[in-house]
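Here is a friendly walk through a two-chain model, one part at a time. Keep the structure open beside you as you read.

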Amino acid sequence: MDFEDTSLPGLGVRREIILASGRRVGVVILRDGTMQLIISQRDDPDACAASIPLSVEEAGAIGAMLGAPQLVTQLSDQHRDLPGVNTQQFVLSHESPYVNQTLGDTHLRTRTSTSVVAISRSGKVFPSPTPGFELNAGDVLIIVGTSAGLEKAAHLINNG
Amino acid sequence: MHGTALILIELGAVFLGLGLLGRLAAKFGMTPVPLYLVGGLLFGSGGMINLEGISEFGEIASEIGVILLLLMLGLEYTARELVTGLKSSWLAGVVDLVLNFAPGAALALFMGWGFVGALVLGGVTYVSSSGIIAKVLSDLGRLGNRETPVVLSILVLEDLAMAIYLPVLTATLAGLSFWGGLRTVGVAMATITLVLLAALRFGPQISRLIHSSDQENFLLKLIGAALLVAGLASAMHVSAAVGAFMLGIAISGSTAHSATKVLEPLRDLFAAMFFVVFGLNTDPTTIPAVLPLAILLAVVTSLTKVATGAWAAKRAGIGIPGRVRAGVALIARGEFSIVIAGLAVASGAVTGELAALATAYVLLLAVFGPIAARFAEHLSRPFLPKRSPSPDAAI
């Protein structure tokens, strides 16, 4: 799917996609790097129902949130032939003790027998992260394991 | 009291007063420009208190204010945006010029202010305030709207037109002969073309020359370059402001962004001084006499701006509510109308009546424009297509 870019002279760029329903969804990227999430109005497609200012982290988190399910679906499809193996995504919250720590610091594999197959950040996917990968708040961790292991992993990520 | 002490006290009182007025303006979500003008009117010749000591400093400060206003305007645009804007919406620019220059020029001729007066007042009614409008669109959450690029490209063309208009104006005000004026305009056009080409090709190099990671160093280089270019332009009768505008265009990318950050407080200070000095030089007792004319001019040129915006939006395939929004957004006049009137008054080539009219006119539309933009939404509601309520989305 292609983005449609429209220049806003003196201010920045409007980047959007037109949904199957006809609604416009996108962002206004201002010169100073800040972004606004825009969603067009239903009865007046020229106007916006919402334009919400986002910080860089917030924009990244939304991107990861929207992008991760697609990855999870793909992985789950691949694991369909392996009974008992599930894929799930977890968002690293601000309160998590592992913010700004490396993936290795979580000792996830040793403690829960699950493994992180990818990390999605700001709409970008980092496949097969190494133990040295530094975690940020808002990162989406895509983890493969048994149901019980995944439950333990969820607890570990949030509470250490 | 000796001279310097008096000047310091007067300057301090003026800036403090402006700061308080600015706070009041922010409370109502309006631009401080009209309040600065009112402040200037109150303290100027014929006003409540006569500020004598700061006139010399005020003149220079307001000149620097205009240079910084135009430099920052140039920084906002990249050469590519200007060229694209020129290519894609020149027709809207022409319609805008014809519809909005004519009422002011016609009134000036009717009043017997001659060709110079017509040139000045036409310019005052022509140019919308890109500063006020950009802020209003952003405050009202309209940056993502489809009609917004239409509005912005009209503003771009107006600002570019200023680069030709201001040299013509300076030449005319200086009383240059027809050939002298033509030479000036020729120089201006050649400079603009050259700067645009240079900025397109060597933008990064020019920016690198000015750029410095050290803030102090950067500021000195920027201000130095701006004043030098403005002075040279002025010496060639091309208008100091246009020189600064061109320099702003030539600086691009991240350098332009950091330059904006560094210059903003200085611009605010000196531009405030410019508006006050303009107000100071206008006798407030002359305003009531021209007020009916100012109101008439404001009404007519509001309608012509709405027509301009609506026409341009229609051409871009925007629906009726969007056309109304685009047209109404363009109503606000502000800083550049005052820059034009200020140039005219400083030259002494126009009557004081014209200055009073321009002041009253800008006061009216700088306040009314943003308010109208806010209410355009409600105004256009009846034009929305009726739809049967569907459960899929509430907004």
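This is a predicted model: local features need pLDDT of at least 70, side-chain atom pairs count only at pLDDT 80 or more; totals for chains, interfaces and linings use all residues.

Residues are numbered from 1 along each chain as its sequence is written, and chains are lettered from A and ligands numbered from 1 in the order in which they are written.

## Chain A at a glance

Chain A holds three helices and nine strands. Helices (H or I, at least four residues) and strands (E, at least two) are DSSP runs, numbered from the N terminus. Reading from the N terminus, the elements of chain A follow the pattern β-β-β-β-β-α-β-α-β-β-β-α.

The C-alpha trace of chain A spans about 55 × 35 × 20 Å along its principal axes. Of the 160 residues in chain A, 31% count as buried. Here, a residue is buried if 20 or more other C-beta atoms lie within 10 Å of its own, exposed if 12 or fewer, and partly exposed in between, with C-beta atoms placed from the backbone. Among contacts in chain A between residues at least 6 apart in sequence, 51% join residues at least 24 apart; two residues are in contact if their C-beta atoms, placed from the backbone, lie within 7 Å.

## The five-stranded sheet

Strands of a sheet pair through backbone hydrogen bonds, either parallel or antiparallel. In chain A, an open sheet of five strands has the order β1-β2-β3-β4-β5, with antiparallel pairing; two strands pair if DSSP finds at least two bridges between them. Its edges are β1 (4–8) and β5 (48–54) of chain A, each with a single partner strand, so one side of each has no neighbour in the sheet. From one strand to the next, the twist averages 20 degrees, where axes are lines fitted to C-alpha atoms, for helices over the stretch in contact, and angles run from 0 to 180 degrees between N-to-C directions.

Within this sheet, five bridges pair strand β3 (residues 24–30) of chain A with strand β4 (residues 35–40) of chain A in the antiparallel sense.

## The four-stranded sheet

Another open sheet in chain A has four strands in the order β6-β9-β7-β8, again with antiparallel pairing. Its edge strands are β6 (86–91) and β8 (124–127) of chain A; each has a single partner strand, so one side of each is left without a neighbour in the sheet. The twist here averages 25 degrees from one strand to the next.

Strand β7 (residues 115–121) of chain A runs antiparallel to β8(A), and four bridges join them. In β8(A), A:K124 stands opposite A:R121.

## Chain B, a helical chain

Chain B has 15 helices and zero strands. Its radius of gyration, taken over C-alpha atoms, is 21 Å, which agrees with the value near 21 Å for a compact globule of 395 residues; the globule rule is 2.2 Å times the number of residues to the power 0.38. The C-alpha atoms of chain B fill a box of roughly 75 × 55 × 45 Å along the principal axes.

Buried residues account for 51% of the 395 residues in chain B. Among contacts in chain B between residues at least 6 apart in sequence, 80% join residues at least 24 apart.

B:L160 sits in helix α7 of chain B and counts as buried because 22 C-beta neighbours lie inside 10 Å. Leaving out residues up to four places away in sequence, B:L160 touches B:L82 and B:L86.

B:V83 belongs to helix α4 of chain B. With 15 C-beta neighbours inside 10 Å, B:V83 counts as partly exposed.

## Where the chains meet

How many residues of chain B are in contact with chain A? There are 28, and they are in contact with 21 residues of chain A. The elements giving two or more residues to this side of chain B are α4 (79–110), α7 (148–173) and α13 (320–329) of chain B. The largest share, five residues, comes from α7(B).

By class, the side of chain B that touches chain A has 12 nonpolar, 10 polar and six charged residues. Ala, Val, Leu, Ile, Met, Phe, Trp, Tyr, Cys and Pro count as nonpolar, Asp, Glu, Lys and Arg as charged, and the others, Gly among them, as polar.
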